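Subject: Structure handover

Hello,

Here is the structure for you to look through. My notes follow below it.

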Amino acid sequence: MRTEEHDLVAIGCGPFNLGLAALASTVDDVDVVVLEAAPELRWHRGLMFDDAMLQVSFLADLVSLVDPTHPLSFLAYLRDCDRLYPFYVRERFHSTRREYEDYLRWAASRLPAVRFSHRVEAVRWDAEAGRFAVHAVRGDGTRLRLSAADLVLGVGTEPAVPAALAGLPGERLLHSADYLHRMSDVDAAGRVTVVGSGQSGAEVALDLLRRNLSGGPAVSWLTRTASFAPLDYTKLVLEMTTPAYVRYFHALPQDTRDGLVAEQWRHYKGISSGTLEELHELLYRRELEHGLADVELRCGVAVTGSRVGDAGRVVLTCRHTDTGQVFEHATDLVVAATGYTQRRPGFLAPVEHLIRRDERGRYRVRLDHSVELAPAVTGRVFVANADLHSHGVAAPDLGIGAVRNATILNAVTGREVYRLPKRTAFTTFAAPGAAS
């Protein structure tokens, strides 16, 4: 089997590793390849509502916040598609989610380094060569061996279903990530209950309310949080997604970082104000209609268990968090808008003993996004969006992607191929006299 030699192999092709390939495409002396198991780029297809908007500006594309003149910027995409003037006249900084996915697919089609239908089976450390050996299989069954000085893990997250719901049969339970793929189940239900109140849960509830107004099923929306809380996107709070805050956050003790992430959930798990306004408008419109199936919204409700009752309906055991009162809730279908968890890819098994993790099983991640490895390993493993615990609430934000990728490329090449922004926040986060 012939071995391909590369400087950097990136595994997984979401927006972050795609952005890495985009930035690397204009650097002559770095050879990057991105391997993706799926046959094509798809982004949040189960939640691709026609009117769903990105929660960040179009400047949070693959490249612009590091290199706004790059040929794979969002503006270059608009120009290539002859939509630059319509976008200008539209006067909205936020694109739709569908348009953003189309932009990603446009960029991927211009990057030969991105290889779809390439599933990585194993990663090994070749001590003699001082390089990583990546074993992959193509969609046609051909097996490949790639050698890389460094790796980037961009395998993303996977839907998380809490233990309280996990025992329900598949026909009675779906994760919000699969919502649009299960519309026949939604339409057949007498009542659909959404559990969870982030942006995904709100968008599902919004769609269910629209269906309810057209004679669709009854809707329940339950959340453990004390309110249907808005995303905190006020200007100075947004500075916590800047490189300045990332540098400050990374220098803190891990216990302090964990506490801050828990406190700052509204910076990345809240609901956009536009979605909340649409929800309220639909609820208000229902006041003028008669004969619709009922709708209920309940906050401060924790779902502690679930079962299928004698009548074949789902019965959720719930606890009212303010009073401690326990009650049961009957429904036909549960949509778990319960977030995502980091994947632990099986292909890392051969090198797992070389990876340093903290007491909670998370990667120990340096400021340059590389994972701490055993001293004998001279190569580096970088991570994308697996560093919330080490780099703070900016980690899943599309706006940090270009800076993170530029940081990785600078580390790999050993020089500043991309100038990193240095003045990114008006706020000073550190105590007086502390190192910046």
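Buried means under 20% relative accessible area, exposed means over 50%, and partly exposed is in between (1.4 Å probe, protein chains only). This is a predicted model: local features need pLDDT of at least 70, side-chain atom pairs count only at pLDDT 80 or more, and totals for chains, interfaces and linings use all residues. Residues are numbered from 1 along each chain as its sequence is written, and side-chain values use heavy atoms, with hydrogens and water left out.

Start with Ser-176. Its relative accessibility is 1%, so Ser-176 counts as buried. Ser-176 sits in the loop between β8 (173-175) and α6 (183-188). Helices (H or I, at least four residues) and strands (E, at least two) are DSSP runs, numbered from the N terminus. Beyond neighbours within four places in sequence, the contacts of Ser-176 include Gly-46, Ser-200 and Val-335. Contact means heavy atoms within 4.5 Å.

Next, helix α1 (residues 15-24). Ten of its ten residues are buried. Among the elements covering them are β1 (3-11), α4 (97-109) and α13 (401-413).

Then the salt bridges. Each is a side-chain nitrogen of Lys or Arg within 4 Å of a carboxyl oxygen of Asp or Glu. The count is 32. One joins the side chains of Asp-258 and Arg-360 (3.2 Å, N to O). Asp-258 lies in helix α10 (residues 254-263) and Arg-360 in the loop between β16 (340-342) and β17 (380-383), so the pair ties together parts 102 residues apart in sequence. Asp-258 is buried at 17%, whereas Arg-360 is exposed at 55%.

Best wishes
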